[in-house]
Amino acid sequence: MYSSKPNVPFRIGSSGRTADTTLEDHVRDLVEQVLFTAPGERVNRPDLGSGLLQMTFAPNSDELVAATQFLVQGALQQWLGDAIAI
């Protein structure tokens with residue numbers, strides 16, 4: 001069962017064990033991990049991530065907006081399709 005104590009960043013709870021988190025906070029943390037992890041950054045999951053941070057300083061255009069939306073939706077659907085509705 002989830003309690004109201006978040007576990008990101010990792011910390012020890014008042015019971016002396018690993019702190020728990022709520023389901024909503026856990027899902028939010030998963031979304032952040034997918035969006036802010038660059039593909040190739042994780043050794044055992046090189047395809048995890050969205051590449052969103054690479055687009056930060058790209059020149060703005062309608063094409064970039066569409067590509068970013070596609071990129072984010074695809075990454076979230078691939079990695080969290082069972083946990084959230086895109």
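These legends accompany several close-up views of a predicted protein model.

Residues are numbered from 1 along each chain as its sequence is written, and side-chain values use heavy atoms, leaving out hydrogens and water. Because the model is predicted, local features need pLDDT of at least 70 and side-chain atom pairs count only at pLDDT 80 or more, while totals for chains, interfaces and linings use all residues.

**View 1. The whole chain, for orientation.** The protein chain has two helices and zero strands; helices (H or I, at least four residues) and strands (E, at least two) are DSSP runs, numbered from the N terminus. Of its 86 residues, 19% are buried, where buried means under 20% relative accessible area, exposed over 50%, and partly exposed in between (1.4 Å probe, protein chains only). The accessible surface is about 6,400 Å², with 57% belonging to carbon and sulfur atoms; areas come from the Shrake-Rupley method with a 1.4 Å probe, and for residues only the protein chains shown count as cover. Among contacts (heavy atoms within 4.5 Å) between residues at least 6 apart in sequence, 24% join residues at least 24 apart.

View 2. Leu64, Val72, Ala75, Leu76 and Leu80 are the buried residues to look for in H2. They sit on the same side of H2, because they cover an arc of only 95° around the axis, taken from the directions from the helix axis to the C-beta atoms. An α-helix has 3.6 residues a turn, so residues three or four places apart point the same way. The buried residues of H2 pack against H1, whereas the face turned away from the buried side carries the exposed residues Asp62, Glu63, Phe70 and Gln78. For a length check, the 19 residues of H2 should span 27 Å at 1.5 Å a residue, and the end C-alpha atoms agree, being 27 Å apart; the expected span is 1.5 Å times one less than the number of residues.

**View 3. Helix H1.** Asp29, Val34 and Leu35 are buried in H1, and H2 is included in what covers the buried residues of H1. The 14 residues of H1 should span 20 Å, which agrees with end C-alpha atoms 20 Å apart.

**View 4. Serine 50 in the loop.** Serine 50 is found between H1 and H2 and counts as buried because its relative accessibility is 4%. Its side chain reaches the backbone nitrogen of leucine 52 at 3.2 Å, a polar contact (a pair of N or O atoms within 3.5 Å; within protein, one must be able to donate a hydrogen and the other to accept it, and residues adjacent in sequence count only if both atoms are side-chain atoms). Beyond four places in sequence, serine 50 touches Val34, Leu35, Thr37, Pro39, Leu71 and Ala75.
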